[in-house]
Amino acid sequence: MTWLFLSSGLFLGWSLGANDAANLFGTAVGTKMLRFRTAALVASVFVVIGAVSGGHGATRTLGRLGAIDAIAGAFTVALAAALAVVLLLRRTGLPVSITQAIVGAIVGWNLFTGRPTDMKALAQLLSSWLASPLLSGTIAAFLFLGMRAAIPRLKVHLLEVDVLTRVGLLVVGAFAAFSLGMNDIANVMGVFVRVSPFPESTSLGPFRATSVEMLFLLGGLAIATGIVTYSERIMLRIGTGLTSLSPLAALLVVLSSGTVQFLFGSPGLQQVLHARGLPGWPLVPVSATQAVVGAILGISLVRKSGIRVRELGKIALGWVAAPLAAMLIALVGLYIVRNVFELPVSADSPARKAASAGASTPAGPGGANPVSSAR
Amino acid sequence: MPLLFRRTRALEAQIDQLLDAISEGCLVFGQGIEDYLRSDLDRFEQRLRAIGEFEHKADALRREIETRLYTESLIPDHRGDVLGLLENIDNVIDEAKKTLAQFAVERPEIPPDLSADYLDLAHASVESAQHIVSAVRAFFRDITAVPDHIHKVYFYEKEADRLADRLKRKIFARDLELARKIHLRYFCLHVETVSDRAEDVADRLSIYTIKRTI
């Protein structure tokens, strides 16, 4: 039963892998600078490493927004986010992201269960949605200007530029995949952290993984599966669709968006900053798609090739539409799960209390162990 | 780094060899015209054979480069431009060889006092060809230098136009048979066409240079 509940998170991970890996390697694969197999292998490996090694940073902020404490609730929230993204993407073509949808779904869970929403965490998340494309666009614009000034001076042969671009696309793609795993695993598995079905410590050959790390590993593998099984056609579509983006410009776009995801997701960087007495910023999950769109717009601006106001409008609409849709779906879904399937969606839900009383399970802080009874 | 560029260095060398062949072929074209005007026909025949070899070598190299660019999926964003560029610059040496061959076949009787005019025209055409080779070379390695060379191509092409116009006027002002006048003009036109081919490449290269800036 636990695996069934986790399936919505795994589906979310699969969907993220299929769509967001295309942002990282789309132009490289679409223009045949890199082979799909190479891109998929590198993206898969680094997304898993990023998820397991640094996923806890952004997850903590998401956990503060809503502490989902029943696995059926977590399942419904993740499913609502996935459905919102799939429906909005299919129906409207808006650049909506799982990041925004999951926030809406968690707020929906808070509303449904009557839990308070941490307004500080919500404000941090909302401001990061604006900051992410802005920062990504600014980084891309400066990188673009630097590259445009440097390349003619370096007098590198066109064929050597081509080789360096290929290597760069691979290295930067690996970095962006690492950042994606680190930042976006919070969206995929964040809601399951409090109800993780894994034991406190699991042995993986020479390594030992905590319960949360195992959850992130599973989420990372789901993302990797999405990359391997479904991202090729999206990569080819992106590669041929964005014809105005040269491979070199694409490299800068991926580097900028990867940097933004790294900045907003890396606990290691925060530790370094704190150790040196420098101010940090909240670690929050940010949308890779919107960071990419921001970077492309930043380059368009310095290129003076004009900003597509419609694209900006689409991003803004995505900020509103994705969380609202996910919240509504979550509310309906939670209602159905609690009242039709009679499953507890929170530790203090009526179904849970009844189940707990019947089983005489001793209650922990905030209720009974939600995982054991959900099983 | 050398390992990284091992494959491309070989291709870079082939592109340089192609441009060398075109450049040397065009120099031989100028020497061939000079030999013909001096009535040194043995040396002229040697030049004709030499330009044929350069043209053959350039064709073979161009085909090999094109194949490698496609099979190894190199420079996907500039491949079409580079292929167009190489095919067009090949037309310059083709035109030069064709012109020299026509001299060999038709043996036009050039009045001695017009030799200097033909020679000036040939030199202008050769200069424009030399500068277009330099421009293409710069396109690959030093994009900022391309406009300087293109500017010189246009300069020598205009010079060739001016010299050809003056020569044609001189030819038609003479008391010669119309057939001979037309024959002389025909060779003037062919020598001038070499610079026109260089100009065609320069036109394309100007656009490609803008496209190469990221």
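Let's start with what is tucked away: of the 375 residues in chain A, 56% are buried. Keep in mind as you look around that this is a predicted model. Chain A is built with 14 helices and four strands. Its accessible surface comes to about 15700 Å², and carbon and sulfur atoms account for 67% of that. How far apart in sequence are the residues that touch? Take the contacts in chain A between residues at least 6 apart in sequence: 82% of them join residues at least 24 apart.

Now let's zoom in on a pair of strands. In chain A, β1 covers residues 201-204 and β2 covers residues 207-210, and the two pair in the antiparallel sense over four bridges. If you look across from A:L204, you'll find A:F207 of β2(A) standing opposite. These two strands form a hairpin with two residues between them, and in that hairpin A:G205 takes a positive phi near 60°. Here's a handy bit of background: side chains in a regular strand alternate between the two faces of the sheet.

A:E342 is not a glycine, yet its phi is positive, at about 55°. You'll find A:E342 in the loop that runs between α12 (309-339) and α13 (350-359) of chain A. Is A:E342 buried or exposed? It counts as exposed, because its relative accessibility is 60% and the cut-off for exposed is over 50%. Hop over to chain B and there's another case: B:R107, also not a glycine, has a positive phi of about 40°. B:R107 sits in a loop too, the one between α3 (79-106) and α4 (115-141) of chain B. With a relative accessible area of 35%, B:R107 is partly exposed.

Why does A:S132 count as buried? Its relative accessibility is 2%, and buried means under 20%. Who are its contacts? Leaving out residues up to four places away in sequence, A:S132 touches A:V260, A:F264, A:V286, A:S287 and A:A291. A:Y335, on the other hand, is 203 residues from A:S132 along the chain, and the C-alpha atoms of the two are separated by 34 Å.

Finally, let's see how the two chains meet. How big is an interface? Between chain A and chain B, the buried area is about 2100 Å², with 70% of it given by carbon and sulfur atoms. In chain A, the residues that lose the most area to chain B are A:H157, A:L158 and A:L159, which together make up 33% of what that side buries. The contact takes 23 residues from chain A and 25 residues from chain B.

Two salt bridges are found across the interface of chain A and chain B. A:K155 forms a salt bridge with B:D142, where the closest N and O atoms are 3.6 Å apart. Which elements of chain A give two or more residues to the side that touches chain B? They are α6 (119-154), α7 (158-189) and α9 (247-263). The largest share of that side comes from α7(A), with eight residues.

Conventions:
Residues are numbered from 1 along each chain as its sequence is written. Chains are lettered from A and ligands numbered from 1 in the order in which they are written. This is a predicted model: local features need pLDDT of at least 70, side-chain atom pairs count only at pLDDT 80 or more; totals for chains, interfaces and linings use all residues. Side-chain values use heavy atoms; hydrogens and water are left out. Buried means under 20% relative accessible area, exposed over 50%, partly exposed in between (1.4 Å probe, protein chains only). Contact means heavy atoms within 4.5 Å. Accessible areas come from the Shrake-Rupley method with a 1.4 Å probe; for residues, only the protein chains shown count as cover. Two strands pair if DSSP finds at least two bridges between them. Buried area is the accessible area (1.4 Å probe) that two parts lose on being put together, summed over both. A salt bridge is a side-chain nitrogen of Lys or Arg within 4 Å of a carboxyl oxygen of Asp or Glu.
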